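Please walk me through this structure. Begin with the overall form of each chain, then go on to the details.

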Amino acid sequence: MAVGSQPSYIRRAVLEPEPPPVAGAAATVRTRARLFDGPFNTALTLVSIVIVVALVWPTVKFLFIDAVWTGSSRIDCLSETVGREVGACWPFIRAKFTQFMYGFYPASEQWRVDVTYALGAILLVPLLIPAAPSKGLNAILFFGVFPVVAFFLLVGGVFGLPHVETRLWGGLLVTLVISFTGIMFSLPLGILLALGRRSQFPIIRTICVIFIEFWRGVPLITVLFFATYMLPLFLPANWRIDALARVLIGVVLFAGAYMAEVVRGGLQAIPRGQFEGAMALGLGYWRMMGLVILPQALRLVIPGIVNSFIALFKDTTLVLIVAIFDLLGQLRAAFADPTWATPVTLFTGFAFAGMIYFVVSFGMSRYALFMERRLNIERAR
Amino acid sequence: MSIQTQHALAPPRVAIYNRPRIRAVCYQLLLLAAVLGLCFEFALNAKANLDAQKIASGFGFLDNTAGFGINQSLIAYNESDTYARVFFVGLLNTLLVAAIGIVLATILGFFVGIARLSRNWLVARLAGGYVELIRNLPLLFQILFWYLAVLGTLPPPRQSISLFGEIFLNNRGIIVPAPVAGEGAGAVIAVLVLSVIATIALRLWAKRRQIRTGRQFPLLWTGLALVVAPPLVALVVMGFPIGFERPELRGFNFVGGVRLLPEFVALLLALTTYTAAFIAEVVRAGVLAVPRGQTEAAFALGLRRGLTLRLIVVPQALRVIVPPLTNQYLNLTKNSSLAVAVGYPDLFAVFAGTTLHQTGQAIEIIAITMAVYLAISLFTSALMNWYNAHIRVAER
């Protein structure tokens with residue numbers, strides 16, 4: 001065949017040798033190679049710089065430089081009063097702070113919420129640090145004792161603590177209660193469902209598959225509506241379930257189905273020999289799972305589990321649609337207050353709530369990454 | 001046969017309730033009985049509760065007059081229509097926002113995902129910052145932010161922000177020019193469709209010829225010419241029958257053009273940017289999953305950068321990308337139900353929201369709504385599974 005019929009992607013000339021890699025070169029050379037080699041890359045860099053400046057400068061200006069730090073009403077946050085361009089109106093956050101944190105929890109009882117937070121933090125922090133001692137006792141205290149204590153502290157009605165109805169709860173308190181309950185119950189439910197889905201019994205398997213796929217196939221908001229409006233109809237007429245408890249049931253069922261799929265991923269990654277070895281040792285089903293399979297499987301999927309927790313934490317915002325005022329719900333309610341109606345109130349509120357959501361979610365995702373790296377090091381050995 | 005003989009010789013020493021088979025059957029029957037019993041109990045309670053509240057069950061309410069207006073509908077609708085029509089209006093609105101959202105989120109997501117892998121340090125960091133910021137904020141937070149803080153603080157119609165004098169932004173929405181089809185527009189569209197079909201046919205022929213003879217065909221340029229030129233000629237011949245109706249300010253509002261509701265725009269913006277951040281991560285993982293040796297081998301064979309991407313990296317990355325991408329599409333569709341928070345009339349807002357509150361038929365309405373989302377999910381999964389099987393590596 002003639003040269004012309006040669007496929008076009010084959011070079012006809014030998015290439016010039018490329019310059020040596022710049023890894024060891026000076027910082028300026030490296031920067032130039034990364035950012036300014038060739039017209040296209042230079043253009044990209046310049047456009048990026050413009051975008052970064054256009055985003056970061058107004059944000060910093062709004063949050064700090066132009067911000068109003070003290071004041072008692074909307075007057076202090078109007079540019080006519082201040083005499084310059086006005087950024088974030090922080091007095092608005094200060095005025096609404098208790099509402100954002102506790103909702104309408106009675107002011108004289110708010111110490112109970114604080115004690116619960118403190119207790120939770122004291123137990124959680126050592127649990128998250130791999131080097132901290134006595135993980136077993138710590139876990140029992142956090143997952144077994146703490147929920148009971150927190151329940152009685154928050155609800156009251158015993159030991160002389162006045163009863164606080166859940167419809168008075170709100171703000172970050174509700175966000176954290178829903179997240180924590182969801183996390184606590186969805187993991188065991190997910191493990192059971194995942195075991196059921198991998199079961200050799202056809203009826204158990206079918207029931208679990210239907211359950212999982214049903215909850216995963218519908219949006220969370222329909223689940224919350226189901227829990228709020230349909231669940232009371234399905235229960236005996238004399239059973240009264242608290243509105244918050246109904247939402248919790250919905251969240252747990254929904255999150256459990258997602259958790260089941262994460263755990264199933266871990267179960268599938270365990271080699272068959274582990275099952276066979278456990279059976280050869282004479283272990284029954286529950287001991288085989290509890291002592292041999294699950295400890296390995298759950299370790300494999302820790303990042304996936306934490307990702308589910310992050311999703312659950314973000315999804316708690318949806319409860320505002322069924323009239324339970326979590327942090328976002330309280331924020332929305334605060335916007336309607338005419339004493340703080342200024343052009344900057346909305347942005348201030350979103351900036352404040354956004355920071356809380358971001359810090360918690362980002363913190364969890366970084367922790368997942370940290371655990372993943374740690375586990376990978378162990379496996380590499 | 002031999003097993004039977006063994007059994008006959010040595011009768012089992014285990015008690016009947018300890019035999020694995022018997023136990024397996026018993027456990028399963030017990031669970032089945034518990035589930036069925038629970039369902040039965042629920043049904044009994046539901047019947048008793050409904051009777052006590054004097055709510056008629058059944059789907060008869062679908063034929064009743066709805067009596068409320070909907071501010072966006074793709075099919076003709078007015079207040080005297082039935083709840084069944086409300087259902088279809090809502091369903092179409094859901095599908096509309098989901099379809100547009102999926103297309104935009106895919107484009108943005110691929111763009112950001114590739115940018116995250118850029119050799120340019122600043123571009124990669126910028127894309128990374130976008131992904132981290134968006135992924136760690138709740139979607140509902142973002143919808144409300146766009147709706148209340150961004151679109152809600154736009155000026156009233158008389159002080160609209162104008163883009164190029166054609167698009168107007170104000171607190172009642174975004175007004176864009178509307179395409180108007182005049183006489184002969186059908187012919188132009190027909191020519192366009194024919195051109196596209198001809199291009200596809202040409203592509204098939206060119207590919208077959210290349211496989212047979214090895215000769216390549218300049219497909220890009222001929223294809224572009226084929227798609228652009230005939231419709232242009234048709235436009236000129238028919239005397240430009242397709243025009244744009246420009247919005248104009250009359251009094252306090254705009255006349256003409258198409259008005260996109262602020263609810264729709266806020267929902268679309270939030271869904272697109274949110275899902276794009278997740279798609280970007282999927283794309284990045286997919287590209288990283290292709291071993292570096294593949295790219296190096298392609299370079300060694302003399303393939304240029306673009307061809308390496310198109311022929312070597314993308315086909316292999318797609319296999320990794322498609323399953324999680326499907327999940328993101330489903331998430332977007334399900335998340336569109338958050339429209340109810342801003343009042344965009346999607347299926348959930350008009351049906352499980354307004355209709356439920358008007359009729360009180362909680363069981364029927366929530367069951368229908370869940371069934372629709374379930375059907376969409378299962379249908380999309382089935383479609384994507386088929387596609388996934390189609391592009392799978394043909395193994396021996």
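**Two chains and their contact**

A compact globule of 396 residues would have a radius of gyration near 21 Å, but chain B has 29 Å. The radius of gyration is taken over C-alpha atoms, and the globule rule is 2.2 Å times the number of residues to the power 0.38. This is a predicted model, in which local features need pLDDT of at least 70, side-chain atom pairs count only at pLDDT 80 or more, and totals for chains, interfaces and linings use all residues. Residues are numbered from 1 along each chain as its sequence is written, while chains are lettered from A and ligands numbered from 1 in the order in which they are written.

Along the principal axes, the C-alpha atoms of chain B fill a box of roughly 95 × 70 × 45 Å. Chain B has 12 helices and 8 strands. Helices (H or I, at least four residues) and strands (E, at least two) are DSSP runs, numbered from the N terminus.

Chain B is divided into domain 1 (2-53), domain 2 (83-176 + 260-391) and domain 3 (178-245). These bounds come from an automatic or database domain assignment. The C-alpha centres of domain 2 and domain 3 of chain B are 29 Å apart.

Now the strands of chain B. An open sheet is formed by 4 strands, in the order β1-β2-β3-β8 (chain B), with antiparallel pairing. Two strands pair if DSSP finds at least two bridges between them. At the edges stand β1 (161-163) and β8 (258-260) of chain B; each has a single partner strand, so one side of each is left without a neighbour in the sheet. From one strand to the next, the twist averages 20°. Strand β1(B) is joined to β2 (residues 167-170) of chain B by 3 bridges, and the two run antiparallel. Here Ser162(B) stands opposite Phe168(B) in β2(B).

Chain A comes to 15 helices and 0 strands. Its radius of gyration is 28 Å, whereas a compact globule of 381 residues would have one near 21 Å. The C-alpha atoms of chain A fill a box of roughly 90 × 80 × 45 Å, taken along the principal axes.

Chain A is divided into domain 1 (90-104 + 175-380) and domain 2 (106-163). Their C-alpha centres lie 19 Å apart. The contact takes 4 residues from domain 1 of chain A and 6 residues from domain 2 of chain A. Two residues are in contact if their C-beta atoms, placed from the backbone, lie within 7 Å.

How do two helices of chain A meet? The axes of α4 (residues 90-102) and α7 (residues 171-197) of chain A come within 2 Å and cross at roughly 20°. Axes are lines fitted to C-alpha atoms, for helices over the stretch in contact, and angles run from 0 to 180 degrees between N-to-C directions. The helices α4(A) and α7(A) are therefore roughly parallel to each other. Angles under 35 degrees count as roughly parallel, over 145 as roughly antiparallel, 65 to 115 as roughly perpendicular and the rest as oblique. Gln99(A), Phe100(A), Met101(A) and Tyr102(A) in α4(A) meet Gly171(A), Leu172(A) and Leu173(A) in α7(A).

Last comes the contact between the chains. Chain A gives 52 residues and chain B gives 55 residues. On the side of chain A that touches chain B, the largest share, 10 residues, comes from α15(A).
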